[in-house]
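Open your viewer, keep the sequence beside it, and follow along stop by stop. Each stop tells you what to select and what you will find there.

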Amino acid sequence: MTAIPVDDNTVQDPTRRAPLVLGDADLASVTQTVCEIAERPRPPTSWYVAFAVSVALTGGLFAAVGYLIVTGIGVLGNNSPVYWGWPIVNFVFWIGIGHAGTLISAILFLFRQRWRTSINRFAEAMTLFAVACAGVFPAVHVGRIWLVYWLAPYPNQMDLWPNFRSPLLWDVVAISTYGTVSALFWYLGMIPDLATLRDRATSRWRQLLYGLFALGWRGSATQWHRFEWAYLLLAALATPLVLSVHSVVSFDFAVAQVPGWHTTIFPPYFVAGAIFSGCAMVVTLAVPARAYFGLKSLITMRHLDNMNKLILGTSLLVGYAYGVEVFMAWYGGNMYEAFAFANRALGPYAWAYWLMVTCNVIVPQLFWIRKCRTTPWIMFLIAVLVNVGMWMERFVIIVSSLGRDFLPSSWGMFKPTAVDVMMLVGSFGLFFTLFLLFCRYLPMVAMAEVKAVLPPDRGPAPAVEVD
Amino acid sequence: MREHRIPNVDDDRLTLSGTRPAVCAVLAIAGIGMLVAGLVLGWNRGDELKGFLASYLVSFCFFLSISLGALFFVALQHLVHAGWSVTVRRLAEILAANTFCMAILFLPILGPMMAGNSSLYAWSNPAAVDADELLQWKQPYLNVPFFAGRAVVYFLIWGLMARFFLANSTRQDDSGDPGLTRRMEKFSAVALILFSLTVTFAAFDWLMSLEPDWFSTIFGLYYFAGAVVAFFATLILFALALQQVGLVTQTITTEHYHELGKLLLGFIIFWGYMAFSQYMLIWYANIPEESVWYLARQTGPWTFVSLGLLLGHLLFPFFGLLPREVKRRKLLLGAWAVWMLVVHWIDLYWLVMPTFAPEHLPFGLIDVCCILGVGSLFLAGLLWSARSRALVPVKDPRLDESLAFENF
């Protein structure tokens with residue numbers, strides 16, 4: 001592994017911009033550092049151990065899903081009145097995780113935040129895998145999964161259409177669009193790097209496969225010119241999607257009249273929460289990955305520092321939404337709404353509510369302290385807690401509101417079953433399986449983009465523009 | 001390759017040195033005159049000044065929103081260590097400093113309330129509170145002393161924060177000390193937290209509580225979104241006006257206008273997102289206590305104002321500002337900026353007026369007097385703060401970055 005000395009680029013100095021790549025990295029060493037991870041004939045043993053655990057958990061997910069399909073949804077904890085249990089909690093959780101990738105790749109691109117180049121590739125990959133995990137849940141919890149295609153509007157003999165006024169249908173559209181655009185964006189950005197891997201490949205198979213997906217990339221000026229335009233346009237198209245997907249997910253709740261669900265701030269509040277959890281997942285993955293794969297000079301402390309600031313900022317936005325909701329529950333004077341919030345804070349699920357507040361609003365305040373933003377194990381711990389908190393948030397919203405709504409005679413509690421637990425744990429297995437495969441076979445860092453942010457004396461020769 | 005000459009700040013005229021205090025005084029007197037005229041017209045209507053106060057509130061919130069948007073922009077630029085915006089940041093600092101001026105202009109709203117006139121806010125009328133259980137419930141929040149106290153806190157926070165940014169930035173014009181930039185950067189995060197809380201509750205207090213029964217959690221963000229749109233439109237016009245009289249002609253380039261145009265477009269979309277979220281959720285759930293607010297706005301002549309906002313505040317400017325060329329041509333961008341200010345004023349009018357005139361559009365001479373009156377005073381305050389300082393932070397450590405800035 002190329003050893004590149006690591007120094008500190010987190011110092012803030014208004015008179016100069018901090019370097020985005022540390023050490024004496026140059027064009028060749030960036031290529032070498034990133035490519036050799038995917039080129040080693042055998043990954044280290046620990047990769048196999050992690051992969052085996054992940055695959056086993058994924059097996060558990062599929063076993064649970066299989067059992068669910070052949071037996072029926074009675075095997076889940078869902079009951080009356082909590083018709084939406086863990087599957088929807090998990091679904092919203094994973095979709096939320098999936099927001100950081102596109103935020104980093106599209107929105108930060110439009111804002112010219114060039115530090116994004118080192119982390120955008122694997123943040124986008126993480127997005128795709130999170131969307132894949134999310135997609136499992138709504139599909140399997142509908143009951144008769146063999147009729148799931150009824151969700152799609154298609155011309156049919158029975159003249160039967162899904163209800164276009166139902167947010168559940170909007171969900172299908174929003175998420176499939178998001179999945180498609182994220183995949184395209186991720187793939188488009190990867191083409192030059194795939195070509196690099198193709199050119200370096202030593203075995204026939206690798207040449208063929210990388211060559212196939214590199215789409216004949218030659219790196220000519222014309223190709224780069226079109227590539228840059230396509231990337232910019234796709235970024236502009238992906239940006240509204242970052243906001244729209246979780247807004248639509250929030251509509252699943254907010255269009256209803258259920259106390260604690262129906263409030264107008266839900267769309268931006270859900271988006272902020274999604275970005276919050278997604279950024280936390282990026283940090284959760286980046287901290288071990290950069291240490292493990294020797295990427296500390298490319299994914300520098302400044303990158304993590306910036307991500308932690310994003311986590312702090314979105315934590316404050318989420319805290320703002322919690323606060324405004326509580327204020328309005330009182331100010332509105334609606335007894336059911338007021339009860340919903342009193343019940344969250346003091347009722348049978350108070351532990352979940354306070355865990356959510358602690359993890360989402362209180363713990364991230366540690367990021368005001370510079371040391372917490374720049375110490376890997378502390379930020380890792382905080383990021384994990386944020387993920388716990390964001391899962392709890394969806395649990396609180398769904399279960400506490402459904403469990404106790406208007407009629408006390410219809411109140412009920414929710415108890416997860418072993419299948420619920422297996423599906424949640426298994427979804428993490430699926431996520432990590434895909435992520436480990438990605439680390440093994442694809443360029444984890446966008447090499448071509450990182451080369452463009454190298455210091456001028458080591459960077460690319462000034463490009464000749466063709467018009 | 002495209003020719004790109006990096007402008008030199010030394011070639012530019014950067015101060016409004018010709019503006020005498022007398023100009024500000026004349027503007028201020030003209031403003032007060034217009035407001036007195038509006039007051040007399042309102043008095044003659046014999047509605048306990050209801051018409052005048054409501055119209056005044058619209059114009060007050062309109063000009064306040066420009067200053068608040070500016071304060072947000074300044075704090076945000078420091079928070080993200082922005083380089084491109086340095087050459088336009090002083091203009092935003094000057095706009096933000098006008099929150100002082102707006103604090104004085106709040107007195108015509110607060111004064112009558114303290115004197116027992118409850119024509120603007122129904123909850124301030126003890127008889128109405130006695131007759132309404134809901135108002136009694138909200139009494140701990142909606143009462144005149146607390147309302148006044150909160151307003152004092154809002155203006156203190158805004159005024160001091162705006163002062164902090166303007167003063168430190170101006171000090172840097174002499175010393176060139178990068179430590180001042182760090183100081184502003186460090187404070188900016190706290191500033192934005194204070195800003196978001198105060199703006200939210202100010203919007204609840206001054207606009208949402210006009211209909212004391214009604215509530216919406218997104219309302220603070222709705223007002224904020226409109227404020228930022230109004231600010232970007234004003235900043236564009238401010239820069240264009242200064243360049244018309246031969247100031248900052250080199251330092252503020254097409255690239256900066258292009259960027260401001262993009263941000264204007266972005267926040268127009270953000271406003272649409274807020275407006276849609278609020279409307280769609282209330283329409284869909286159709287709970288009477290919430291939908292009553294929109295019912296007033298989609299019956300009678302207000303229907304057309306609502307539809308006009310959908311078109312004029314979102315769809316037209318969305319397509320209008322989309323092309324790159326529009327954002328790079330001063331005349332076109334300026335025209336859209338004027339358009340956005342007009343529709344933003346209509347937006348505020350639409351928030352306030354259906355409460356007082358559900359049956360008809362009450363637009364008249366009083367509104368014109370209020371716009372011109374508050375506007376003249378706002379302009380006077382603006383020139384007063386602009387008069388004594390450079391219009392560009394000439395020794396900002398990131399000035400060169402801003403001068404060399406190019407869009408991709």
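## Stop 1: where the chains meet

Color the two chains separately: chain A and chain B bury about 4000 Å² between them, 68% of it on carbon and sulfur atoms. Buried area here is the accessible area (1.4 Å probe) that two parts lose on being put together, summed over both. The size of an interface is often given in this way, as the accessible area lost when the parts come together.

Before going on, please note that this is a predicted model, in which local features need pLDDT of at least 70 and side-chain atom pairs count only at pLDDT 80 or more, while totals for chains, interfaces and linings use all residues. Residues are numbered from 1 along each chain as its sequence is written, chains are lettered from A and ligands numbered from 1 in the order in which they are written, and side-chain values use heavy atoms, with hydrogens and water left out.

The contact (heavy atoms within 4.5 Å) takes 39 residues from chain A and 53 residues from chain B. Select P14(A), R112(A) and Y331(A): these supply 19% of the area that chain A buries against chain B, more than any other three residues.

How many salt bridges does the rule find across the interface of chain A and chain B? There are two, a salt bridge being a side-chain nitrogen of Lys or Arg within 4 Å of a carboxyl oxygen of Asp or Glu. Show the side chains of R112(A) and E259(B), which meet in a salt bridge at 2.7 Å, N to O.

## Stop 2: two crossing helices

Now select residues 99–110 and 120–140 of chain A, helices α4 and α5. Helices are DSSP runs (H or I, at least four residues), numbered from the N terminus. The axes of α4(A) and α5(A) come within 7 Å and cross at roughly 145 degrees. Those axes are lines fitted to C-alpha atoms over the stretch in contact, and angles run from 0 to 180 degrees between N-to-C directions.

Show side chains here: A100(A), G101(A), T102(A), I104(A) and S105(A) of α4(A) meet N120(A), A123(A), E124(A), M126(A) and T127(A) of α5(A).

## Stop 3: a buried cysteine

Move to chain B and select C369(B), in helix α16 (residues 365–387). Is C369(B) buried or exposed? C369(B) is buried, with a relative accessible area of 7%; buried means under 20%, exposed over 50%, and partly exposed in between (1.4 Å probe, protein chains only). Leaving aside neighbours within four places in sequence, C369(B) is in contact with M34(B), L35(B), A37(B), G38(B) and L41(B). Next, pick S55(B): it is 314 residues from C369(B) in sequence and 9.2 Å away in space, C-alpha to C-alpha.

## Stop 4

Most residues other than glycine have a negative phi, and most peptide bonds are trans. With that in mind, try these exceptions.

- Select S80(A) and P81(A): a cis peptide bond joins them, with omega about 15 degrees. P81(A) is in the loop between α2 (45–71) and α3 (86–97) of chain A.
- Select D159(A), whose phi is positive, near 60 degrees. D159(A) lies in the loop between α5 and α6 (167–200) of chain A and is exposed, with a relative accessible area of 60%.
- Select E48(B), with a positive phi of about 55 degrees. E48(B) sits in the loop between α1 (21–44) and α2 (50–79) of chain B and is exposed, with a relative accessible area of 62%.
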